[in-house]
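I opened the model to look up a surface patch and a pair of packed helices. My entries follow.

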Amino acid sequence: MTWETIGVWIAAFLTLCLYSFLYKDNPFYKFAEHLFVGMSQGYWIVYSYFNGLWPYGIVPLQRATVGVDGEPAQPIEFIVLIPFLIGLLFFARFWAGKGWLTRLPLSFLFGAAAGIAIPLTLGSQIFQQMYATIEPYSKESARQLWPMVNLSIVLIGTLAALTYFFFSIEHKGSVGAVSRLGIWFLMVGFGSAFGNTVMNRVTLLIQRVEFLVNDWFTPHVIGLFMAPLGGG
C-alpha cells in the first residue's frame, strides 16, 4: 500500500465523518471537527511564528544585541520591545483583577484595523461603485438601446437602495416609494448572493461525491474485493 493510497483512505474517512452529521451529531463528526480545528490552529501558530514573531520580533532583537549577517549591533532596534510588551498585555486576563489591561492592546488593534479598513472600504466599495455606475455612460456602446436600459436599471437600483438607508428624511411620499423600490432591488441582490452561495456549496458537494466514487470507492473498495477473484 502506497502513501497515496493511505492518503485517499484518510481523506475518504474524514469526508464520511463530516457528512455523517446529516444523520445526527455523532462521535465521528466530532472527531473530524476537532481534528480540523486543531490542525487549523496548529497551522496558524506555526505560520504566525515564522511570518510574524520571527521576522518582526526575534530578528530585530538579535539585530539590536549582537547584529545579524556580520552587521554591528543596532540598539535602535530595541524599539520592538514596545509592541512586544503591549502584546503581552493580552495575557493579563489570566490574572485576577488585571483583566482590564487587555483593553490597551485591543484599543491599538482595533484602531489600526479601522485605520486600514475604512480607507480601503471607501475606495473599493463606495468610490469604485460610484465610478462603475456612472462611467459606462461615457462609452459609445452605452448609446444603444439595450445597454442604456441595462445601465439605467443599475443606476436606478443603486439610488433606490441608497435611499432606503437614508434615514435623515422620513420615508413618506416619493421618498417612501423610492425606498420601497430599493427594498425590491436589495431582495434581488440578496437572493442572487444566496443562490450563488448555494451553488458553491453544491459544487463542493459534487466534488466530494466524485472523489468518493471515482478516487476511493471504485479503485480501492471495489478493487479490494475484486483482487481475490482475479479482477483488475
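I looked up the nonpolar patch, and α3 gives the most to it, with three residues. Helices here are DSSP runs (H or I, at least four residues), numbered from the N terminus. I noted that α3 (81–88) and α4 (103–134) each supply at least two residues of the patch. The patch covers about 1100 Å², and Leu81, Leu85, Leu88, Phe90 and Leu109 are among its members. Patch residues have over 30% relative accessible area and no salt bridge, with nonpolar side chains joined within 5 Å. I placed Phe90 in the loop between α3 and α4.

The model is predicted: local features need pLDDT of at least 70, side-chain atom pairs 80 or more, while totals for chains, interfaces and linings use all residues. Residues are numbered from 1 along each chain, and side-chain values use heavy atoms, without hydrogens and water.

Next I checked α1 (residues 3–19) against α2 (residues 27–65): they pack at about 115 degrees, with axes 7 Å apart. Axes are lines fitted to C-alpha atoms over the stretch in contact, and angles run from 0 to 180 degrees between N-to-C directions. In α1, Phe13, Leu14, Cys17 and Leu18 meet Phe28, Tyr29, Phe31, Ala32 and Leu35 of α2 (contact means heavy atoms within 4.5 Å).

How values were computed. Patches are made of residues with over 30% relative accessible area and no salt bridge: like charges are joined within 9 Å, nonpolar side chains (Val, Leu, Ile, Met, Phe, Trp, Tyr) within 5 Å. Accessible areas come from the Shrake-Rupley method with a 1.4 Å probe; for residues, only the protein chains shown count as cover. A salt bridge is a side-chain nitrogen of Lys or Arg within 4 Å of a carboxyl oxygen of Asp or Glu.
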